[in-house]
Every structure is written in C-alpha cells, then in structure tokens.
Amino acid sequence: MDKVGLAVKQRYQKFLDDVVPFMVPRWLFVLGIIFYFVYRIMTLQGWYISCYALAIFHLNLFIAFLSPKIDPSFEMAESMEDDDGPALPTNNNEEFRPFIRRLPEFKFWEQTVISTLVAIFTTFFECFNVPVFWPILVMYFFILFFLTMKRQIKHMIKFRYLPFTHGKTKYKDSNKQAAPAEPVKPADAGPIDAETLIPM
C-alpha cells in the first residue's frame, strides 16, 4: 500500500514538474474549470454555499499571492530595535531585492485548481446544497473583497513595494573595447613654395 501511495505521489510530482513552464495554458485551464463550475451553479440553481466558500478561498489565495513572504512591518520593527534602519530599499542606489511572494505563482495555480475541482465535486451531492439567500452572499463577498483589497493597497503604499519584480537595471558592458578610431589623414598641402620657407 505504501508503494502504491509513493508511486502515485511521484507521478503527481512529475506531472507538476512538467507543467511548470506552461504558465498561460495552466491559467487558461483554471478559467475553463471556473467557468464550468459557475455554469453548473447557474444551471442547477443551488450549491451557493460551495460557490461562496470557493470565492472566499480564492480571495485568500490572491491576497497571499500579492503579499511579501516577510512582512515589511516586522522587518522595520526589528531594524528600528537594532538601529539599522529600514530593511527594504528606500532609493535607487540601494541593493536590488526581488519581490518574494508569500504564495508563489505555481502554488497559487495548484491550490486554485484543487479547490475548484473540489467545489465541482460537491455539486454532485445534494447534502452540500444548503438553502441560502444567495444575494446576501454576493453582497457580503464584494464588501469583503473591497475591504481586503483596500487594506492590501494601503500596505503596499505604506511600505513602497509592488507585487511584481521587473529586474535590475541593465547597464552597458564596460568590458567591451571601443572600436578604434580611424586615423586622421593629413590634408593635402600641395607643392611647397620655396619663397614661403623661413630662412634659418
């Protein structure tokens, strides 16, 4: 039994390793299964709790994707205690530090796929179809989304970071030798006039 579980785990990990480079097709697949899930919800007219739970979970994943791995507020508090100044760069002359996410892009994709497939799976069982007034859930989700994004944007502005890394500034290679300048040809002075020579 352990061998079977290990073999399944290895095959799953190999599949994940194979799909890592294909970012655009991966997210197109996510959009496809989310569209299918929404289509089932609208067709069946039920399972709104599953839809609401999935939306909240995706929102939490998205916030983790936008957040840095180490909260700058903690770094700043520690640096103030050590009198070393803020840990994040504050101007262009400081050392470049790439943005490291709390939730990497691939993990974000993987958990989004798994959670969406689980939500689709629940729509095949009547026990998950809890009767609720769905407009209340929609309104509450949008309020929660607005407040959460507002707090995240304020955090980004306060600590001056963006959830995207554009890379270091590239400079020209100084080791490359400049092309040698063409020698200046002397102007054609013509024949020398003996009368113009200065006598010694």
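## Meeting phenylalanine 108

Not counting residues up to four places away in sequence, phenylalanine 108 touches Trp27, Leu61, Phe62, Phe65 and Leu103, where contact means heavy atoms within 4.5 Å. This is a predicted model, in which local features need pLDDT of at least 70, side-chain atom pairs count only at pLDDT 80 or more, and totals for chains, interfaces and linings use all residues. Residues are numbered from 1 along each chain as its sequence is written, and side-chain values use heavy atoms, with hydrogens and water left out.

Phenylalanine 108 sits in helix α5. It counts as buried because its relative accessibility is 11%; buried means under 20% relative accessible area, exposed over 50% and partly exposed in between, with a 1.4 Å probe and protein chains only. From phenylalanine 108 to alanine 64 the C-alpha to C-alpha distance is 8.6 Å, although 44 residues separate them in sequence.

## The chain as a whole

The protein chain has six helices and zero strands. Both kinds of element are DSSP runs numbered from the N terminus: helices are H or I with at least four residues, strands E with at least two. Of its 200 residues, 24% count as buried. Among contacts in the protein chain with a separation of 6 or more, 83% join residues 24 or more positions apart.

## How α2 meets α5

The axes of α2 and α5 cross at roughly 25° and come within 10 Å. Axes here are lines fitted to C-alpha atoms, for helices over the stretch in contact, with angles from 0 to 180 degrees between N-to-C directions. So α2 is roughly parallel to α5, a label for angles under 35 degrees, while over 145 is roughly antiparallel, 65 to 115 roughly perpendicular and the rest oblique.

Residues of α2 in this meeting include Trp27, Ile33 and Phe37, and those of α5 include Phe106, Phe108 and Trp109.

## Two nonpolar cores

A nonpolar core is a set of buried Ala, Val, Leu, Ile, Met, Phe, Trp, Tyr and Cys residues joined through side-chain atoms within 4.5 Å. In the largest one, with 15 residues, Phe37, Ile41, Phe106, Trp109 and Val113 touch the most other members. Helices α1 (2-19), α2 (23-44), α3 (48-66) and α5 (105-122) each supply at least two residues of this core, and α5 gives the largest share, five residues.

Phenylalanine 106 is in contact with Leu16, Val19, Val20 and Arg26, leaving aside its neighbours within four places in sequence. A second, separate core has 11 residues, including Leu59, Ile63, Ala64 and Phe65.
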